[in-house]
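Let's take a walk through this protein together, one neighbourhood at a time. Have the sequence and the 3D view open as you read.

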Amino acid sequence: MAVKDDVKEQWDRQKDKPLKQRAAYFMRYYFIRVVIVAAIAVFVGALVYSRMSVRKPVLTAYFINSENKDENVAADIRKRSAAAAGIRSKKETAVINLSMELTPGGTQSEEDMGTITELAAKMREKDLDAMVCDAWNFHHFTEQMMFKDLRDVLTDAQLKKYSDQIYYVDQKEIDRIQKEMEDPNYDGNTEDEDTAAASETYDGFVRPDPTDMDEPVPVGIILSDSSYFKKNNLYKKAVPVFGFVKNSQHTDEAGSLLKLLTE
């Protein structure tokens, strides 16, 4: 007898019996099967829904050592930058992270190591488009050649507009540091870390002078005068510098964020 016919026969035997007895029969022979099937259906449905509802980041920006980590501020930047970048699709979003910490002067804590690890992963996966850092860390990251040459991402008109805010590095000096880091005896510190032109605080900050450089390259925009930062107390003590991450895949969207922060 086929399984289907056997099941039908079993149910036929039960149909004239009291409800309580039929319920007991169902609980004994079919309840577990129904629960398993239902659980599988719920799991598959949830998996499909989560994949369909996940938004693809088309702008990811990290703010290192922001003094205001309020998620409401992050949400406001996310909303404004998405609008400025023309992100309207329900399948796309902007990711703004104000929570990242990195001690100026070098790694000193587990939190620092966590930040470095996450940044390395984001760079490897090409998932990071822009960063705002305190000036010390920005200078440190330029030594790792982490940022784009602004001449590759901004127009001549934009470069002129930001001329008084541009942060320069000396490519010749960067090349020297890179060579130093490739030395087998490299101890993790570069010669100019203690006397870097970029200081952590406003009091000690001196904008790097391109006229003193052999090969000046514009890599950042200083946001000390950002009205948005001042209004939201993002960088009250440290000098914030904006940079386009070198392997960014969303340069136009990052440019929209820069425009938002400098208006």
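**Rings, a helix and a buried glutamate**

Tyr-235 is buried, with a relative accessible area of 4%; buried here means under 20% relative accessible area, exposed means over 50%, and partly exposed covers what lies in between, using a 1.4 Å probe and protein chains only. Before we go on, note that this is a predicted model, in which local features need pLDDT of at least 70 and side-chain atom pairs count only at pLDDT 80 or more, while totals for chains, interfaces and linings use all residues. Residues are numbered from 1 along each chain as its sequence is written, and side-chain values use heavy atoms, leaving out hydrogens and water.

Let's look at the aromatic rings. A search of the whole structure turns up 5 aromatic pairs. Rings of Phe, Tyr and Trp (its six-membered ring) pair if their centres lie within 6.5 Å; planes under 30 degrees apart count as stacked, over 60 as edge-to-face, and the rest as tilted. Phe-138 and Phe-147 have ring centres 4.3 Å apart and planes at 15°, so this pair is stacked. Phe-138 is buried, at a relative accessible area of 0%, and Phe-147 is buried too, at 6%. For Phe-229 and Tyr-235, the ring centres are 5.4 Å apart and the planes meet at 40°, so this pair is tilted. Phe-229 is buried, with a relative accessible area of 3%. Together with Phe-63, Phe-229 and Tyr-235 form one aromatic cluster.

Now turn to helix H5, residues 110-124. Helices (H or I, at least four residues) and strands (E, at least two) are DSSP runs, numbered from the N terminus. The expected span of a helix is 1.5 Å times one less than its number of residues. For the 15 residues of H5 that gives 21 Å, and the end C-alpha atoms are 21 Å apart, which agrees.

Which residues of H5 are buried? They are Asp-112, Thr-115, Leu-119 and Met-123. Seen down the axis of H5, the buried residues fall within an arc of 65°, so they line one face of the helix; the arc is that of the directions from the helix axis to the C-beta atoms. An α-helix has 3.6 residues a turn, so residues three or four places apart point the same way. On the other side of H5, Glu-110, Thr-117 and Arg-124 are exposed. Just after H5, Lys-126 takes a positive phi of about 60°.

Our last stop is Glu-143, which lies in helix H6 (residues 135-143). Glu-143 is buried, with a relative accessible area of 1%. Glu-143 and Gln-171 are 28 residues apart in sequence and 9.4 Å apart in space, C-alpha to C-alpha.
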